[in-house]
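Take a look at the structure below. This briefing goes through it topic by topic, in short steps.

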Amino acid sequence: MSSKNTYYAPRGGLPPQTQLLTDRAVMTEAYAIIPRRVFTDIVTSTLPFWDNMRMWVIARPLSGFAETFSQYIVEVLPGGGSEKPELDKAAEGVLFVVEGEMDITIEGEQHHLVEGGYAFLPPGCNWTIRNHGDKLVKFHWVRKAYQFVEGLDVPEAFVANENDISPTSMPDLDVWSTTRFVDVNDMRHDMHVTIVTFQPGGVIPFDETHVMEHGLYVLEGKAVYHLNQDWVEVEAGDFMWLRAFCPQSCYAGGPGPFRYLLYKDVNRHMPFIRPK
C-alpha cells in the first residue's frame, strides 16, 4: 500500500563548519523545542539486543522535562532489528513508521508495516522487529510505564495504518481534525498517540491550558505556536515537549497541511506526592 500522506524523517549527517551555530533550539520550564537541524549523527544512541540500528532520543523522563513518557526516532538498516526490543515488562509502546517498511511479530503473529503504519504494544507483550527490505526504515517509538487499574484489563496489541482511518473533525470545523487509533472512551488506555491535522490557515483559537503532557513531532508543514508567553515557529521535523498546563495555541502557516504526531497521557487519576 502506498502512502498518501507526507512524513518527515531525520536525515542525519553533520553540518558544515561554515554553518551558523544559532538555531531555534530552546528548553524552558514550560516547553522545549528540538528543531530538525539538531538530529545529526553525533547525537544518536543505541540499545542492547538490537542490530544495525541507531536512534534519536527526543524525550525521556527527567526532572524539569518529560514526566510521563519517552520517545525515540529509530533508524534500522536492512537486515537489522531485534528479537528482544523491550526490556521493561511494565512498559507499553506505540510504533509509528515515517519512512520505509518493516516486519513486526506480536505474540507470534507477523505484521508488515509501511509508512503511516501504527502498532500498539501493551505491557508484557512479546514482540520482535526486523527490516527485511533493502532500504532504511525509520519509526517513532513512544514508551510509557503503564498505569494498571484494578478491574480494568490491559488493552490488547493491534496494528493499523493512518491512511485507513478517517480523521475526526472538530465540531463545526473542517480545518482541524484528529486521526485516532483507539476509542477515546476505552478506559483501558492511559495514553493516546494521534495525528492532528490543520489545513492552511487553521488555528487553535485559544490558549489550551490543561493537565495532559504533550510530545508533538511535526510530520508535515509549518506553523506558529504560542507557548506560555512566547511565539515560536516550527516546521516538519521539529519536536515540541509541552509541560502539563503550558498554555498552547497555534495557527498553520501553509501553503499545505500542518500535521503532527501527538502524545498525551489520559484516563487516570492524578498521583499524589505522599509524605514519607
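## Cysteines

A search of the whole structure turns up 0 disulfides. Keep in mind that this is a predicted model.

- A disulfide is a covalent bond between the sulfur atoms of two cysteines.
- Cys246 takes part in no disulfide. Its nearest cysteine sulfur belongs to Cys250 and is 13 Å away.
- Is Cys246 buried or exposed? Cys246 counts as buried, because its relative accessibility is 2% and the cut-off for buried is under 20%.
- Cys125 has a relative accessibility of 12%, so Cys125 counts as buried too.

- Strand 16 covers residues 214–220. How many of its 7 residues are buried? The count is 7 of 7, so strand 16 is largely enclosed by the rest of the structure.
- Strand 16 pairs with strand 19, which spans residues 239–242. The two are antiparallel and share 4 bridges.
- Within this pairing, Leu216 has Met240 of strand 19 as its bridge partner.
- Strand 16 also runs antiparallel to strand 21, residues 258–265. Here 6 bridges join the two strands.
- Which residue of strand 21 is the bridge partner of Tyr217? The partner is Leu261.
- In a regular strand, side chains alternate between the two faces of the sheet.

## Trp141

- Trp141 sits in strand 10, which covers residues 137–145.
- Trp141 has a relative accessibility of 2%, so it counts as buried.
- What does Trp141 touch, leaving out residues up to four places away in sequence? Its contacts include Leu47, Trp50, Tyr72, Val74, Pro85, Leu95 and Trp127. Ser70, Gln71 and Glu86 are also among them.
- Trp141 and Phe120 are 21 residues apart along the chain. Their C-alpha atoms are separated by 10 Å.

## The largest pocket

- The volume of the largest pocket is about 420 Å³.
- How many residues line the largest pocket? The lining has 18 residues.
- Nearest the centre of the pocket lie Thr68, Gln147, Asp265, Met270 and Pro271.

Methods:
Residues numbered from 1 in each chain as written. Predicted model: local features only at pLDDT ≥ 70, side-chain atom pairs only at ≥ 80, totals over all residues. Heavy atoms only, no water. Disulfide = S-S within 2.5 Å. Buried < 20%, exposed > 50% of the residue type's maximum accessible area, 1.4 Å probe, protein only. 1 Å grid on protein atoms, 1.4 Å probe; cavity = no way out; pocket = protein on both sides within 12 Å on 5 of 7 lines; lining within 4 Å. Points joined across faces, edges and corners; volume = space filled by probe spheres on them. Pairing = 2+ DSSP bridges. Contact = heavy atoms within 4.5 Å.
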